[in-house]
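User: I'm new to this one and would like a close look at a single part. Could you walk me through it once it's up?

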Amino acid sequence: MGRRAMSVLAACRQSSRCWQSCLSRPGPARQHGNILRVPEAPAARRLSSMAATIRFSPSTRSLFDEPLGIAVQGLGPRQQVTLRASLRDEAGELFEAHARYQAADDGELDLARCPALPGGSFSGLEPTGLLWALQPRKAFWRLVKKDVTTPFRLQLDVLDGHGDGPGRLLAQAQHERAFLRDGVRRVPVREGRIRATLFLPPGNGPFPGVIDVHGAGGGLLEYRACLLANYGFAVLALAYYSYEDLPKDMKEVNLEYFEEAVNFMLQHNQVKGPGIGLLGFSKGGDICVSMASFLKGITATAVVNGSVANVGAVLRYKDITIPPLGSNRKRIRVNKSGIGDIIDALNNPLEGPDRQSFIPLEKAECRFLFIVGQDDHNWKSEFFAVEGSKRLQAHGKEKPELICYPGAGHYIQPPFFPMCSASMHPLVGMPVMWGGEPKAHCEAQVDAWQQIEAFFHRHLKGEPSRTANRL
Ligand SMILES: CCCCCCCCCCCC(=O)SCCNC(=O)CCNC(=O)[C@H](O)C(C)(C)COP(=O)(O)OP(=O)(O)OC[C@H]1O[C@@H](n2cnc3c(N)ncnc32)[C@H](O)[C@@H]1OP(=O)(O)O
């Protein structure tokens, strides 16, 4: 990560501390629909005689990966206000962002038209800045959604003025950011060895099918699969270790487990054949490349900041063994805050015995999409994607789609997940920097999500997808 991005984040964290006291401030308030109005202060301190109201669009609830319109009405002409967004995750950890604005002559403040002034978490015209700039108060914490059946509750406070401390509360409202679209079915799957959740869109199937494999860390993460199912795919979120009776750690990745999952999808009466798609992020990316290389029934594979070398665990399939790419902890650079930069820790899979870890992706019969954050500090995603592309073409295979995003780090998530700059690495055992600059990273997430969806529509459905820019 660049020094500039680190200092932006440090500044955000520092300034968010200034706002802590206001969050717990008690005060009588009355609820009007989703708008909580706070009684006005004495006339002498009032800048406007009108009550400010917050308007969200959509009004009360939206899907997490959709943009959210925010406007404030009833402010004074050119009134200076600070908008503060906050959200608590399921562990109770607080995420906050704030931005300084000046209302228009008519007392209206529409974030789609009004630029944020310097001094907040972001500046400039950023209609969704209060979403993507959310930062955790707890160091090394990421926004993760574990229970997709409940929404995140976003709170917006409108505060008077641009002071360093919180100004008088002028209006407050809440909005639900949901994961499950109405009618999408969430089906826990415990078939054979498979531990997974299948998301089925509303209506009569069959639907194009996708298996979603998340990165190292264990457990069963459903949020990306669930959001993708909202767009008409049958998506299986697949756990592969540290979940129920699956192996506790990731010493070895056995592809027969993943083959069972592919066969489960291909045989499911709600899944349209003849092949399925794979979506893999990080360690999930190289698992998907291995699945595509060795298993039948894969039509399209989207890899988000993945590797084309097998990493972190031995891979086994029948009589095939692929060793993990070598690494050297001495190449980890640790900064003054104790955060590691592991970008140079892995060996080169084109050299010496490490060539054995290169996955023979030329065996695959599917189309590939590589999504790359050019500021990925977990590993060299762009190098991996380019080498994968070269190898495919050298074997007469179709050139994969490769989309590179400058300023995007490792943790490319669905839209509006705030960028995580550093957190505990599940395999390295220390906090590491993931890379990325928050605004560029957020824009990459929005575009990458559309590209992934369009890729699967093209190859699994044969239909064009919606192309509207959702930023
Ligand atoms: C030589 C060099 C080679 C370099 C070699 C480089 C090779 C890189 C190869 C891998 C690259 C990757 O995959 S990178 C990672 C990408 N991974 C993912 O995207 C998957 C992310 N999944 C996860 O992080 C996990 O599944 C969680 C956090 C969702 C697990 O949730 P859980 O199953 O409910 O577990 P839980 O008990 O709550 O917590 C387990 C631990 O995670 C922490 N944790 C829980 N929630 C959070 C959170 N929101 N933000 C931060 N941390 C959290 C807890 O404090 C705890 O830490 P503690 O008390 O145990 O300390």
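Which domains does the shell around the ligand draw at least three residues from?

Analyst: Quick background: this is a predicted model, where local features need pLDDT of at least 70, side-chain atom pairs count only at pLDDT 80 or more, and totals for chains, interfaces and linings use all residues. Residues are numbered from 1 along each chain as its sequence is written, and side-chain values use heavy atoms, with hydrogens and water left out.

Now, your question. The shell takes at least three residues from each of domain 1 (3-178) and domain 2 (185-461); those bounds come from an automatic or database domain assignment. In total, 26 residues surround the ligand, each with a heavy atom within 4 Å of it. Arg142, Lys146, Ala216, Gly218 and Ser282 are the closest.

Sorted by class, you get 14 nonpolar, eight polar and four charged residues. Here Ala, Val, Leu, Ile, Met, Phe, Trp, Tyr, Cys and Pro count as nonpolar, Asp, Glu, Lys and Arg as charged, and the others, Gly among them, as polar.

Next come the polar contacts, meaning pairs of N or O atoms within 3.5 Å. Trp141 has a polar side-chain atom 3.4 Å from a nitrogen atom of the ligand. Gly217 uses its backbone instead: an N or O atom there lies 3.4 Å from a ligand oxygen atom. At Lys283, a polar backbone atom sits 3.3 Å from an oxygen atom of the ligand. As for cover, the ligand taken alone exposes 1200 Å², and the protein buries 70% of that (areas by the Shrake-Rupley method with a 1.4 Å probe).

Conventions:
A polar contact is a pair of N or O atoms within 3.5 Å; within protein, one must be able to donate a hydrogen and the other to accept it, and residues adjacent in sequence count only if both atoms are side-chain atoms.
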